Amino acid sequence: MSKPTLYIMCGLAFAGKSTLARRISKHTGSKLIAFDKLWVEKDKEQPIPKGAEGWKLVRKVGQAEVAKTLTEGNSVVYDDNNVRFEHREELREVARKFGARSVVVYLNTPLELIREREAINKTTAQRHQVEPENFNAVLEQLQIPTAQENVMEFKPEMDLDEWVKNNLKNHD
């Protein structure tokens, strides 16, 4: 049996992370753990504080879910912004602790396209809105992953099916 893999999604809101995360999960048979979904679930149990405090709380819950899944020998796709190196490093440390591989999946989506998707979402409401101050804070914190982080990059002009087929052949 091969080592499980932790796929660490990385990118801004509206970059396409959740769409790609679902595809990776389906292609590899990995469990999908989504920060936004965890937030909603935990908020139903007990209201989560707004801002950084709530974000840190849900991030810890997500890391615990990742650890649990890896201890069971299963691969995980962790769908969150993960824009700061230190947050990706925390996740890599969880993977190392449980003998899993880790790879950062960076969605390199131009800001203009992100803004277009955000504007469309204001009318379609297909996903939750992101408060401008939160988006701007995350944008300011973005630390683009480097080659040392074991990165697979996806750009919106790439064919999704081809990308999955070509990039995940050694990871499933």
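Student: Where does Ser25 lie in this structure?

Tutor: In this predicted model, Ser25 is part of helix 1, which spans residues 17-28.

Student: Why is Ser25 called buried?

Tutor: Its relative accessible area is 13%, and buried means under 20%, so Ser25 counts as buried.

Student: What makes the pair of Ser25 and Ser30 a polar contact?

Tutor: A polar atom of the Ser25 side chain lies 2.5 Å from the backbone oxygen of Ser30. The cut-off for a polar contact is 3.5 Å. Ser25 also touches Lys31, Leu32 and Val77, leaving aside residues up to four places away in sequence.

Student: How many aromatic pairs does a search of the whole structure find?

Tutor: The search finds 1 aromatic pair. The pair is formed by the rings of Phe154 and Trp163, with centres 5.7 Å apart.

Student: Why is the pair of Phe154 and Trp163 called edge-to-face?

Tutor: The ring planes stand at 85 degrees. Planes over 60 degrees apart count as edge-to-face, so this pair is given that name. Both Phe154 and Trp163 are buried.

Student: How do you know whether Asn82 is buried or exposed?

Tutor: The relative accessible area of Asn82 is 4%. That value falls under 20%, so Asn82 is buried.

Student: And what makes Asn150 partly exposed?

Tutor: Asn150 has a relative accessibility of 39%.

Student: Which residues touch the most other members of the largest nonpolar core?

Tutor: That core has 21 residues, and those with the most contacts to other members are Tyr7, Met9, Leu20, Ile24, Val105 and Trp163. At least two residues each come from strand 1 (5-10), helix 1, strand 4 (101-107), strand 5 and helix 7 (160-167). Apart from this core lies another, of 19 residues, including Ile8, Trp39, Leu91 and Tyr106.

Student: What does Val105 touch, not counting residues up to four places away in sequence?

Tutor: Val105 touches Tyr7, Ile8, Met9, Cys10, Leu20, Ile24, Met152 and Trp163.

Terms used: Residues are numbered from 1 along each chain as its sequence is written. This is a predicted model: local features need pLDDT of at least 70, side-chain atom pairs count only at pLDDT 80 or more; totals for chains, interfaces and linings use all residues. Side-chain values use heavy atoms; hydrogens and water are left out. Helices (H or I, at least four residues) and strands (E, at least two) are DSSP runs, numbered from the N terminus. Buried means under 20% relative accessible area, exposed over 50%, partly exposed in between (1.4 Å probe, protein chains only). A polar contact is a pair of N or O atoms within 3.5 Å; within protein, one must be able to donate a hydrogen and the other to accept it, and residues adjacent in sequence count only if both atoms are side-chain atoms. Contact means heavy atoms within 4.5 Å. Rings of Phe, Tyr and Trp (its six-membered ring) pair if their centres lie within 6.5 Å; planes under 30 degrees apart count as stacked, over 60 as edge-to-face and the rest as tilted. A nonpolar core is a set of buried Ala, Val, Leu, Ile, Met, Phe, Trp, Tyr and Cys residues joined through side-chain atoms within 4.5 Å.
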